[in-house]
Amino acid sequence: MGATIIDGRAIAARLRARVAERVSALPYKPGLAVVLVGEDPASAIYVRNKDRAATQTGISAQTIRLGPNTPEADLLREVARLNADPAVDAILVQLPLPGQIRARTILEAIDPAKDVDGFHPLNVGRLADGLPTVAPCTPRGVMKLLGACGIDPAGKRALVVGRSAIVGKPTGALLLAADATVTIAHSHTRDLPAECQRAEILIAAVGRAGLIRGDWLSPGVAVIDVGINRLPDGRLAGDVDFDGAAKVAGWITPVPGGVGPMTIACLLENTVDLAEQRRGRSRSL
Ligand code: NAD
């Protein structure tokens with residue numbers, strides 16, 4: 001028996017279409033501002049894709065490009081300008097930032113009401129408390145993939161491998177809010193195979209190709225692979241050994257074509273949520 005392959009591209013396309021419908025019903029264009037500092041090629045591609053997807057959805061997107069030697073004070077001034085701009089509903093500062101800029105200082109300077117990535121400590125705290133908030137885009141995408149497959153985390157043993165502030169921890173918080181029994185594994189976890197064996201839902205967010213093997217998994221587990229790793233031959237691979245895992249799992253996401261497309265679709269949805277909330281046509285986040 002083989003796993004059902006979760007088609008992240010198709011699920012993301014449906015979500016983008018729903019967001020576009022919401023945008024077209026609004027009397028204004030939600031505004032998204034993306035700030036790119038420096039010339040990291042991967043970041044430049046992400047930012048271009050975000051800009052294009054936002055524009056196609058009817059969102060008014062602007063990308064602000066700053067040089068690699070931009071002082072922290074200049075970036076703070078740019079963030080303050082965007083905070084004060086009434087046409088901007090959502091602000092995203094693309095990470096990583098060059099070494100002279102403290103990412104934490106910048107993230108804390110973004111108006112929490114415009115914090116489309118959900119990285120401001122206020123929004124991190126609200127998420128940890130189980131309060132309504134804008135959830136970081138990739139974890140939100142993970143939850144939507146589970147939902148699209150009809151997988152209800154309530155009562156299930158969910159394992160998140162990786163504890164980063166961007167993916168692992170917020171994914172754990174969302175699973176907990178959805179009533180899963182959550183374990184978070186990380187680089188100090190003593191027996192990762194045993195933790196994987198117990199999981200009914202497994203989220204991999206490490207950044208090591210093929211770390212999680214098929215023979216570590218229980219039959220029927222839902223596997224969401226967030227990892228994006230470049231193999232020596234140039235191909236992309238996830239953190240899970242896809243071929244081995246697909247023989248055992250109930251559901252599995254491919255890399256590419258799984259979580260990646262959901263991240264951008266959720267960025268668009270977060271932008272519209274923030275716009276509606278800020279401009280007074282609030283819906284529950
Ligand atoms: P990170 O480096 O910040 O965190 C990695 C985590 O993995 C750490 O918490 C670490 O403790 C844990 N880890 C390392 N080795 C481990 C091991 N042997 N066993 C268990 N845990 C271990 O990375 P990140 O930003 O969370 O990203 C993780 C992966 O997800 C990367 O491949 C990244 O490219 C990918 N990613 C994908 C998307 C997307 O849209 N699909 C978005 C963000 C990140």
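The second largest pocket of this predicted model holds about 300 Å³ of space. A pocket here is an open set of points on a 1 Å grid over the protein atoms alone, where a 1.4 Å probe fits, with protein on both sides within 12 Å along at least five of seven lines; lining residues have an atom within 4 Å of a point. Grid points are joined across faces, edges and corners, and a volume is the space filled by probe spheres set on the points. Of the 17 residues lining the second largest pocket, the closest to its centre are Val124, Leu127, Ala165, Lys169 and Pro170. Two or more lining residues come from each of α4 (103–109), α5 (121–128) and α7 (168–177), and α7 gives the largest share, 5 residues. Helices (H or I, at least four residues) and strands (E, at least two) are DSSP runs, numbered from the N terminus.

Residues are numbered from 1 along each chain as its sequence is written. Because the model is predicted, local features need pLDDT of at least 70 and side-chain atom pairs count only at pLDDT 80 or more, while totals for chains, interfaces and linings use all residues; side-chain values use heavy atoms, with hydrogens and water left out.

The chain is divided into domain 1 (26–113) and domain 2 (136–260), with bounds from an automatic or database domain assignment. Taken over C-alpha atoms, the centres of the two domains are separated by 29 Å. The lining of the second largest pocket draws at least three residues from each domain.

The largest pocket contains about 1500 Å³ of space. Of its 45 lining residues, Tyr46, Thr138, Ile228, Gly260 and Thr263 are the closest to its centre. The elements giving two or more residues to this lining are α1 (8–24), α2 (41–56), β4 (90–93), α6 and α10; the largest share, 8 residues, comes from α2. Both domain 1 and domain 2 give residues to the lining of the largest pocket, so it lies between them.

**Packing of α6 and α10**

Helix α6 (residues 137–148) and helix α10 (residues 259–278) pack at an angle of about 110°, with their axes 8 Å apart. Axes are lines fitted to C-alpha atoms, for helices over the stretch in contact, and angles run from 0 to 180 degrees between N-to-C directions. The two helices are therefore roughly perpendicular to each other (65 to 115 degrees). Cys137, Thr138, Arg140, Gly141, Val142, Lys144 and Leu145 of α6 are in contact with Val259, Met262, Thr263, Cys266, Leu267, Glu269, Asn270 and Asp273 of α10, where contact means heavy atoms within 4.5 Å. This contact comprises 7 nonpolar, 4 polar and 4 charged residues.

**Backbone features in loops**

A cis peptide bond, with omega about 0°, joins leucine 95 and proline 96; proline 96 lies in the loop between β4 and α4. Valine 255 and proline 256 are also joined by a cis peptide bond, with omega about 0°, and proline 256 is in the loop between β11 (251–252) and α10. Aspartate 179 is not a glycine, yet has a positive phi of about 75°; its place is in the loop between α7 and β6 (181–185).

Definitions and conventions: Parallel < 35°, antiparallel > 145°, perpendicular 65-115°, else oblique. Nonpolar A, V, L, I, M, F, W, Y, C, P; charged D, E, K, R; others polar.
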